[in-house]
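Please read these notes with the structure open beside you. They go through a few features one at a time.

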Amino acid sequence: MKTGPNGPKKSHSPWLYQLDKGRPHTTLTKDIEIDVAIVGAGIAGLSTAFFILKNTDKKVALLERFKMAHGATGHNAGQVVSYFERGFASLVDEFGLELASEGQKAIEDAWELLYEMYTDAGLDIPFTRFLGHAGLSGVDQVLLHLKNNSLRVKGGLNPEQMLISETTDFLNEIPEEYKNLYAIAPQEKILTMLETDVTDFVAVLSYQKGCVNSALFCEGILLYLLKKYPDRFVLYEHTPVNKIILHDSDALIDGGKYTVTAKRVVLCTNGFESLAIFNKNGLDINTKFHHLVHGTVGYMSGYLEKMKKPPIAISYLTNPDDSTDDPYFYLTRREYEYEKEKDLSLISIGGPEAPVEDIKFYSHDNDFPEEMVEKIDEFVRRVHSPEKKIDYIFTWHGLMGYTKNGVRLVGPEPKNSLLMYNLGCNGVGILPSIYGGQRIADFISGKISEKNSADSSRSIFDVPKEYE
């Protein structure tokens, strides 16, 4: 069985390993004119193409500098979640309860958009949805999530389920106003839900999560779009975009030897591309664009085991002194569909991160640092599987684009609305990417008025008028 690299220092993603290696690739070989040019063929780009093609009559060209789904989409842990990489209370502090609630609901409703894509394309790849968990190890984390839950209820959202161990010594510190937002349970039940024997965890938070191979999902959507819209859709791979020139009514896209003229340009990238953006009316976009996101590399390892347990996604906040906004470890278990006859589960673990000082020195093919292997293995041995030696047959890393406020940017560029964004994975990118695709289609179809969209009070996803 071919399962991965020979040594632990090679970066090898299980999601890309399962793609069709024989799929033909088309590159740009002539100048073209198109209604909508989408830059970036990951889950954001494919989702944007899907909803534009379905909900409008526009012709769409998807431009990818390397290969479809080989960026962050092919280098994640396979987890589908409907939360932001920050607490709900902090969203309320920044945007107010109404807008924060609308934004949170939009991401939660994106489950239905995912089902819509899956069903329309007739996909049969494993996709599971279940009640996932997060282990909390300190009173500060518990109180923060109770505050989040309280605000969720006030905003008309369902609260996350919380169980607190009956053995904790801080039950009397919990404000009376939160009494209906949690239940007391034996710690044994909490540890069972978290699949650990480590007694550090004093509470468990549960909400809807899922697992899917996002790269394989993109491959299925791509094949569907090519077949469904042969006259309105094309993908050009190995076509790097170097420069975008925005005029009043169209945009010129430098695709190397050839040029794409488009009525709209949608950037569905991490935001790190070395492209230059020129705006004819003189308002600076280029410099601002490159300050929209900052880079972080997430590191993951994976191993196979006999399928004995159902799919799951669990987060472990192992440091009781840290807030929930700080890095944590996470685990997903899902069917390893590459060899179905063997009844195997793929266990993926991630958590360690490192900032990217200069994107020019990052590549998905870079060796996997031994120190990151050790960090992940130490967590696994201490928290999840202390009694057995793990053979990590997959080790991989992915570049994540974090926006300054941890919220995906979706919508038109305020200085020239011909340019649009669906970017910023923020570590939890699948559902936000899909929602962003539909929102972009709503702009293009006219369902959302662009005249009002530039007002930053309209949505938490809008691009700020001024950003450093």
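1. Two aromatic rings, of Phe, Tyr or Trp (its six-membered ring), count as a pair if their centres lie within 6.5 Å. In this predicted model, such ring pairs link Trp-111, Tyr-115, Tyr-118 and Phe-127 into a cluster. A search of the whole structure finds 16 aromatic pairs. One of them joins Tyr-118 and Phe-127, with 5.8 Å from centre to centre and 45° between the planes, and this pair is tilted. Planes under 30 degrees apart would count as stacked and planes over 60 as edge-to-face, so an angle of 45° falls into the remaining class. Both Tyr-118 and Phe-127 are buried.

2. How many cavities of 30 Å³ or more does the structure hold? There are two.

3. Which element supplies the largest share? It is strand 7, with four residues. By type, the lining of the largest cavity divides into ten nonpolar, eight polar and six charged residues.

4. The second largest cavity is lined by Tyr-83, Phe-84, Glu-85, Gly-406, Arg-408, Gly-424, Cys-425, Asn-426, Val-428 and Pro-432. Its lining divides into five nonpolar, three polar and two charged residues.

5. Arg-86 sits in the loop between strand 3 (79–81) and helix 3. Is Arg-86 buried or exposed? Its relative accessible area is 15%, so Arg-86 is buried, because the cut-off for buried is under 20%. The side chain of Arg-86 makes a polar contact of 2.9 Å with the side chain of Glu-94.

6. Helix 2 covers residues 43–55 and has 13 residues. At 1.5 Å a residue, helix 2 should span 18 Å, and its end C-alpha atoms are 18 Å apart, so the two values agree. Eleven of the 13 residues are buried, which means that helix 2 is largely enclosed by the rest of the structure. The buried residues of helix 2 include Ile-43, Leu-46, Phe-50, Phe-51 and Ile-52, and also Gly-45, Ser-47 and Thr-48.

7. Tyr-207 lies in strand 7, the element that gives four residues to the lining of the largest cavity. With 15% relative accessibility, Tyr-207 counts as buried. Tyr-207 and Gly-132 are 75 residues apart in sequence, but their C-alpha atoms are 5.6 Å apart in space.

8. Ser-363 is in the loop between strand 16 (344–355) and helix 9 (370–384). Its relative accessible area is 27%, so Ser-363 is partly exposed; that class runs between the 20% cut-off for buried and the 50% cut-off for exposed. Ser-363 and Ser-301 are separated by 62 residues in sequence and by 17 Å in space, C-alpha to C-alpha.

Note on methods
Residues are numbered from 1 along each chain as its sequence is written. This is a predicted model: local features need pLDDT of at least 70, side-chain atom pairs count only at pLDDT 80 or more; totals for chains, interfaces and linings use all residues. Side-chain values use heavy atoms; hydrogens and water are left out. On a 1 Å grid over the protein atoms alone, a cavity is a set of points where a 1.4 Å probe fits but cannot get out, and a pocket is an open set with protein on both sides within 12 Å along at least five of seven lines; lining residues have an atom within 4 Å of a point. Grid points are joined across faces, edges and corners, and a volume is the space filled by probe spheres set on the points. Helices (H or I, at least four residues) and strands (E, at least two) are DSSP runs, numbered from the N terminus. Ala, Val, Leu, Ile, Met, Phe, Trp, Tyr, Cys and Pro count as nonpolar, Asp, Glu, Lys and Arg as charged, and the others, Gly among them, as polar. The expected span of a helix is 1.5 Å times one less than its number of residues. Buried means under 20% relative accessible area, exposed over 50%, partly exposed in between (1.4 Å probe, protein chains only). A polar contact is a pair of N or O atoms within 3.5 Å; within protein, one must be able to donate a hydrogen and the other to accept it, and residues adjacent in sequence count only if both atoms are side-chain atoms.
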